[in-house]
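Work through the exercises below with the coordinates open. Each task is followed by a stepwise solution.

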Amino acid sequence: QGQLVESGGGLVQAGDSLRLSCAASERTFDRYVMAWFRQAPGKEREFVAGISGDTYYADSVKGRFTISRDNSKNTLYLQMNSLKPEDTAVYYCASSTRFGATVTGDFGNWGQGTQVTVSS
């Protein structure tokens with residue numbers, strides 16, 4: 001599998017927006033289910049959003065975050081609006097061959113992560 005490289009993280013205030021990107025070197029990018037996960041200090045890595053043909057979200061981000069992909073650019077995105085301090089975490093993109101996957105064990109390829117910090 002190819003490399004995944006996240007970007008776009010940063011320090012923002014509550015209520016602000018950020019857009020994360022994940023560039024994939026895999027030429028068959030469009031064949032994979034892609035997802036975003038996050039991990040806050042002292043917590044387990046958790047599913048945030050996924051996209052295959054359809055999109056699906058964790059309840060905690062539904063209505064605020066939007067996942068999308070541009071297969072012509074081999075890039076995955078996560079638009080994050082109305083950010084909250086509890087969204088603070090390292091955000092990872094990952095790929096899977098399992099439709100509708102949401103658990104970390106179903107994802108075989110991971111990026112290095114990008115830090116998102118939301119101040120109150």
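Buried means under 20% relative accessible area, exposed means over 50%, and partly exposed lies in between (1.4 Å probe, protein chains only). The model is predicted: local features need pLDDT of at least 70, side-chain atom pairs count only at pLDDT 80 or more, and totals for chains, interfaces and linings use all residues. Residues are numbered from 1 along each chain as its sequence is written, and side-chain values use heavy atoms, with hydrogens and water left out.

**Exercise 1.** Classify serine 82 and asparagine 74 by accessibility, and describe their phi angles.

Step 1. Serine 82 counts as partly exposed because its relative accessibility is 41%. Asparagine 74 counts as buried because its value is 18%.

Step 2. Strands (E, at least two residues) are DSSP runs numbered from the N terminus. Serine 82 sits in the loop between S8 and S9, and asparagine 74 in the loop between S7 and S8.

Step 3. Most residues other than glycine have a negative phi. Serine 82 has a positive phi near 50°; asparagine 74 also has a positive phi, near 50°.

**Exercise 2.** Trace the pairing of S5 with S4 and S6.

Step 1. Two strands pair if DSSP finds at least two bridges between them. S4 and S5 are antiparallel, with 5 bridges, one partner pair being alanine 35 and glycine 50.

Step 2. The hairpin of S4 and S5 has 6 residues between the strands, and glycine 42 there has a positive phi near 80°.

Step 3. S5 also runs antiparallel to S6 (residues 55–57), through 3 bridges. Isoleucine 51 is partnered with threonine 55, and 3 residues link the two strands in a hairpin.

Step 4. Of the 6 residues in S5, 5 are buried.

**Exercise 3.** Describe the largest nonpolar core and the surroundings of leucine 78.

Step 1. A nonpolar core is a set of buried Ala, Val, Leu, Ile, Met, Phe, Trp, Tyr and Cys residues joined through side-chain atoms within 4.5 Å. The largest one has 35 residues, and those with the most contacts inside it include Trp36, Val48 and Leu78.

Step 2. Elements giving two or more residues to this core include S3 (18–24), S4 (33–39) and S9 (89–96). S4 contributes the most, 5 residues.

Step 3. Contact means heavy atoms within 4.5 Å. Not counting residues up to four places away in sequence, leucine 78 touches, among others, Leu20, Trp36, Val48, Phe65, Ile67 and Tyr91.

Conventions
Helices (H or I, at least four residues) and strands (E, at least two) are DSSP runs, numbered from the N terminus.
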